[in-house]
Amino acid sequence: MRRSTTTALGPGTVFTVLALTGCASHAEPADSSAASSAPVHRGGSAPSVSAPVSSAQLNKLLLNESDLGEGYTRKPETARRNDDVTVIGCPALEKLGSDAATGSGLAFTRKAKASFTYTGSSTSEVSEELYSDSATKLSKGIGVVFDAMLSCPSYQVTSGTSVVDMVTEKTSAPDLGDEQWSQLLTFSAGRQRSVVKQTAIRTGNILVIVSGSPGLVDAHLDKALAKARTAR
């Protein structure tokens with residue numbers, strides 16, 4: 001049985017880990033490492049007081065197939081079932097709740113998301129999430145999430161009879177925007193091991209999160225941030 005891991009971020013609640021449905025986003029050799037990082041603050045940046053951007057406008061700021069280039073196909077959004085997802089071995093994440101951990105019940109109403117598959121030498125995925133609120137709320141919310149992740153270098157996530165082993169370690173965040181966070185998550189289920197990179201950048205009152213195959217995240221993060229900044 002193939003299972004998918006979908007990472008999601010819930011500002012103000014939890015940075016999540018997985019929803020076990022579908023197919024794996026990126027397979028790596030058994031000796032792959034994974035990482036998580038604390039937020040990086042740019043010196044001298046002042047919190048933005050601009051009004052939050054509407055969800056409708058955020059949707060227009062998402063990357064699309066034209067931005068990404070040849071070989072990308074947008075995935076249809078699917079409903080997630082979160083009632084049977086449990087985090088084991090990480091008290092900080094357990095306290096944040098399974099709804100947040102699977103990407104639902106997010107604290108901010110102003111949000112937008114798009115996910116894409118990429119067919120090159122192998123099938124990989126990349127997704128983008130945009131959130132808007134005050135700079136202070138965005139910073140505090142995502143900070144809670146990364147603090148929780150840093151407190152648990154390894155733990156398990158279960159859904160029904162499926163068990164996934166998670167590993168996290170630090171990785172450096174790119175020097176972009178006003179604040180930056182970045183992590184690699186390695187998850188293992190049976191003989192299958194996968195790696196997802198997740199990088200979050202706050203620029204003013206917008207939070208940009210790009211997740212998926214590490215190479216695709218690195219390739220498209222700048223584009224996502226540049227497009228989000230056109231809201232200013």
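In this predicted model, Glu-125 is buried, with a relative accessible area of 17%. Its salt-bridge partner is Lys-75, and the closest N and O atoms of the two are 3.2 Å apart. Lys-75 sits in the loop between β4 and β5, while Glu-125 belongs to strand β7 (residues 123-132), so this pair ties together parts that are 50 residues apart in sequence.

Another joins Arg-202 to Asp-178, with 3.7 Å between the closest N and O atoms. Glu-179 is in strand β10, 23 residues from Arg-202. Glu-179 is buried at a relative accessible area of 3%, and Arg-202 is buried at 4%. Through shared partners, Asp-178, Glu-179 and Arg-202 end up in one network.

Turning to strand pairing, β8 (residues 154-159) runs antiparallel to β5 (residues 85-88), with 4 bridges between them. Thr-86 stands opposite Thr-158 of β8. Strand β8 also runs antiparallel to β9 (residues 162-170), this time through 6 bridges, and Tyr-155 has Met-166 in β9 as its bridge partner. The β8-β9 hairpin leaves 2 residues between its strands, and Gly-160 there takes a positive phi near 65°.

Finally, Lys-227 lies in helix α6 (residues 214-228). Lys-227 counts as buried because its relative accessibility is 18%, under the 20% cut-off. Its contacts beyond sequence neighbours within four places include Leu-61, Asn-64 and Asp-67.

Methods
Residues numbered from 1 in each chain as written. Predicted model: local features only at pLDDT ≥ 70, side-chain atom pairs only at ≥ 80, totals over all residues. Heavy atoms only, no water. Buried < 20%, exposed > 50% of the residue type's maximum accessible area, 1.4 Å probe, protein only. Contact = heavy atoms within 4.5 Å. Pairing = 2+ DSSP bridges. Salt bridge = Lys/Arg side-chain N within 4 Å of Asp/Glu carboxyl O.
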